[in-house]
Amino acid sequence: MAEYYYSAIPFKKGTVMMEYVSFLLQLVVGGLTIGSIYALIAIGFVIIYNVTGVLNLAQGEFAMIGALVATSFAGLGMPLILTIILATLITVSIGACFERLCLYPARTASPLTLVVISIGAAIVMRGVALLIWGSDPHSLPPLDEGSPFLVLNVAITRQSLWAVISCIIMVILMHLFFNRTYLGRSLRACVINRFAARIMGISPSKMSFYTVSICAGLGALAGIIITPITGATYEMGLMLGLKAFVAAAIGGLTNAPAAVVGGLLIGVIESLSSGLISSGYKDAISFFILILVLVFLPNGIFGKKSGQRV
């Protein structure tokens, strides 16, 4: 039987070709799973940047804290739902402390100073996490322990579905929050015009506090969702945060839906590059995409050239 070659992989008519297609689809499914986590963290990047003007590079550490705290509660035998709620609330509290103790006192400083402060806070969080949880990976039981679904000969785990569904739900909830609630509209007012919002009685400093706290909880949920798949370590937040920043940059740091698309895109590209080339190249490819975006499309792929926020 005749053989065909693509990327040094032999093909045969029929079964082998279908197996390769299934392999590609499996990579895409895996990419959408991790991409959903990048998207959740990227939403936090975008919201904080729009409301406060701060590029919070400690956003990935909130995912790490939420994940590790959840593993500790799960180790005590707590129900999974209670574990998720408590871990998220604790991370929200840490985010609130981070905003009041680190960002608020330096609110009049330059953007570069605030970035350096967020980097320093991230280093401190990782150091404390290393002292408390050590360097060994920690696990968390899956949200649903049922058997995977088989679609077109592609195995889709229930945890992967939870990751994608959680991303969709959070995007919908964020949309409703910013458009249907008083607090959400107040935050949007600070985004559009901070001076006018202050005249209308809206305190930008309070909005900054609420924003960082909410986004810390969002990052915690992302970390908890990915832990049953990859495990949790004290250093997981660094790479999650960097990849989420790439996703946010694709949207120009001003467009949350575009950041979601960017997160999914980065996840799929990473998965395909790992499966078709080598896992050692996936990080380099992601950051190469970031360089291309920053050099040729500084407003993001979906941003407006005028620089106005979308």
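Buried means under 20% relative accessible area and exposed means over 50%, with partly exposed in between; the close-up views below apply these classes to side chains in a predicted model.

**View 1. Arginine 100 and glutamate 99 form a salt bridge in the predicted model.** The nitrogen-to-oxygen distance between the side chains of arginine 100 and glutamate 99 is 2.6 Å. Arginine 100 has a relative accessibility of 31% and therefore counts as partly exposed, whereas glutamate 99, at 2% relative accessibility, counts as buried.

View 2. When the neighbours within four places in sequence are left aside, the residues in contact with glutamate 99 are Tyr104, Pro105, Ser205, Ser208, Phe209 and Val212. Because its relative accessibility is 2%, glutamate 99 falls in the buried class.

**View 3. Arginine 126 and glutamate 61 meet in a salt bridge between two helices.** The side chains of arginine 126 and glutamate 61 approach to 2.9 Å, taken from N to O. Arginine 126 belongs to helix α4 (residues 111-133) and glutamate 61 to helix α2 (residues 59-75), so the pair ties together parts that are 65 residues apart in sequence. Both partners, arginine 126 and glutamate 61, are buried.

**View 4. Lysine 243 and aspartate 283 are joined by a salt bridge.** Here the distance from N to O is 2.7 Å between the side chains of lysine 243 and aspartate 283. Since lysine 243 lies in helix α9 (residues 236-250) and aspartate 283 lies in helix α11 (residues 282-296), the pair ties together parts that are 40 residues apart in sequence. Lysine 243, with 1% relative accessibility, counts as buried, while aspartate 283, with a relative accessible area of 26%, is partly exposed.

**View 5. A network of salt bridges links Lys243, Glu270 and Asp283.** Two members of this network, Lys243 and Asp283, are the residues whose side chains meet at 2.7 Å, N to O, and Glu270 also belongs to the network. For the model as a whole, the count comes to 4 salt bridges, among them the pair of arginine 126 with glutamate 61 and the pair of arginine 100 with glutamate 99.

How values were computed. Residues are numbered from 1 along each chain as its sequence is written. This is a predicted model: local features need pLDDT of at least 70, side-chain atom pairs count only at pLDDT 80 or more; totals for chains, interfaces and linings use all residues. Side-chain values use heavy atoms; hydrogens and water are left out. Helices (H or I, at least four residues) and strands (E, at least two) are DSSP runs, numbered from the N terminus. Buried means under 20% relative accessible area, exposed over 50%, partly exposed in between (1.4 Å probe, protein chains only). Contact means heavy atoms within 4.5 Å.
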